[in-house]
Amino acid sequence: MSKNKYGATFWVMVGILFIFWILITWRVNWQHLLIGALCSYGIARFNHDLLLKPEERPLYHKATIGRWIKYFYILVVEIFKANWDVARIVLNPKLDISPGFVKYRTEVKKPLNRVILANSITLTPGTLTVEVEEGIFYVHAITRQNAEDVATWDMQDKLTEIEELEKHVS
């Protein structure tokens with residue numbers, strides 16, 4: 001294997017897997033470390049084509065890291081708010097439940113960012129991303145209000161801002 005074939009991404013993944021190995025085994029004798037290093041290398045080598053290429057890695061841009069932290073903070077807040085709403089619906093049977101699907105187009109361009117948006121929608125209780133096709137999202141929501149909110153969710157705008165910032169950095 002040539003050194004440049006995998007590059008820094010490969011070795012970072014080996015390091016992350018090795019640290020994970022140490023954390024789950026909690027052993028630091030040479031036998032466990034050797035097995036952990038070999039397993040980490042083998043897993044990273046077997047899955048090297050699954051690793052993100054530099055042009056697909058938004059999290060590694062120094063200019064956008066603050067925006068990513070803000071994005072994930074806001075996501076956690078949204079998840080808690082949605083949990084509260086779903087709990088209210090479950091505990092109060094008189095509240096209107098009108099499940100349905102919503103279809104909308106997003107301005108998010110990068111495939112990885114679309115996956116992040118789809119997973120963010122699914123992580124938020126009461127909504128589920130069913131399909132994504134070329135920027136068109138199909139989302140199931142537990143109430144009509146949730147369905148309308150998904151199409152105008154400001155998390156899309158946050159990802160679009162990050163993409164715009166990445167264009168200027170590159």
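Reader: In this predicted model, which residues have the most contacts inside the largest nonpolar core?

Author: The model is predicted. Its largest nonpolar core has 20 residues. Two of them have the most contacts inside this core: Leu117 and Ile121.

Reader: Which helices and strands each supply at least two residues of this core?

Author: Both kinds of element take part. The strands are S1 (100-105) and S3 (136-141). The helices are H3 (65-91), H4 (111-123), H5 (144-151) and H6 (154-169).

Reader: What does Ile121 touch, not counting residues up to four places away in sequence?

Author: Contact here means heavy atoms within 4.5 Å. Residues up to four places away in sequence are left out. The partners of Ile121 are then Tyr104, Thr127, Thr129, Phe137, Val139, Val150 and Trp153.

Reader: How are H3 and H4 oriented, roughly parallel or roughly antiparallel?

Author: Their axes come within 10 Å. They cross at roughly 25°. Angles under 35 degrees count as roughly parallel. Therefore H3 and H4 are roughly parallel.

Reader: Which residues make the contact between H3 and H4?

Author: Each helix has its own list. H3 brings Trp68, Tyr71, Leu75 and Ile79. H4 brings Asn113, Ile116, Leu117, Ser120 and Leu123.

Reader: Is Glu163 buried or exposed?

Author: Glu163 sits in helix H6. Its relative accessible area is 7%. Buried means under 20%. So Glu163 is buried.

Reader: Which backbone nitrogen does the side chain of Glu163 reach?

Author: Without residues up to four places away in sequence, Glu163 touches Glu107, Val108, Lys109, Lys110 and Asn113. The side chain of Glu163 comes to 2.8 Å from one backbone nitrogen. That nitrogen belongs to Lys110.

Reader: What is the length of the polar contact between the side chains of Glu163 and Asn113?

Author: Asn113 is among the residues that Glu163 touches. Asn113 also belongs to the H4 side of the H3 and H4 contact. The polar contact joining the side chains of Glu163 and Asn113 is 3.0 Å.

Reader: What pattern does the protein chain follow along the sequence?

Author: The protein chain holds six helices and three strands. Read along the sequence, the pattern is α-α-α-β-α-β-β-α-α.

Reader: What share of the contacts with a separation of 6 or more comes from residues 24 or more positions apart?

Author: The protein chain has 170 residues, and 31% of them count as buried. Among contacts with a separation of 6 or more, the share from residues 24 or more positions apart is 67%.

Notes:
Residues numbered from 1 in each chain as written. Predicted model: local features only at pLDDT ≥ 70, side-chain atom pairs only at ≥ 80, totals over all residues. Heavy atoms only, no water. Helix = DSSP H or I, 4+ residues; strand = E, 2+ residues; numbered from the N terminus. Buried < 20%, exposed > 50% of the residue type's maximum accessible area, 1.4 Å probe, protein only. Core = buried A, V, L, I, M, F, W, Y, C linked by side-chain atoms within 4.5 Å. Polar contact = N/O pair within 3.5 Å; in protein donor to acceptor, adjacent residues only side chain to side chain. Axes fitted to C-alpha atoms, helices over the stretch in contact; angles between N-to-C directions. Parallel < 35°, antiparallel > 145°, perpendicular 65-115°, else oblique.
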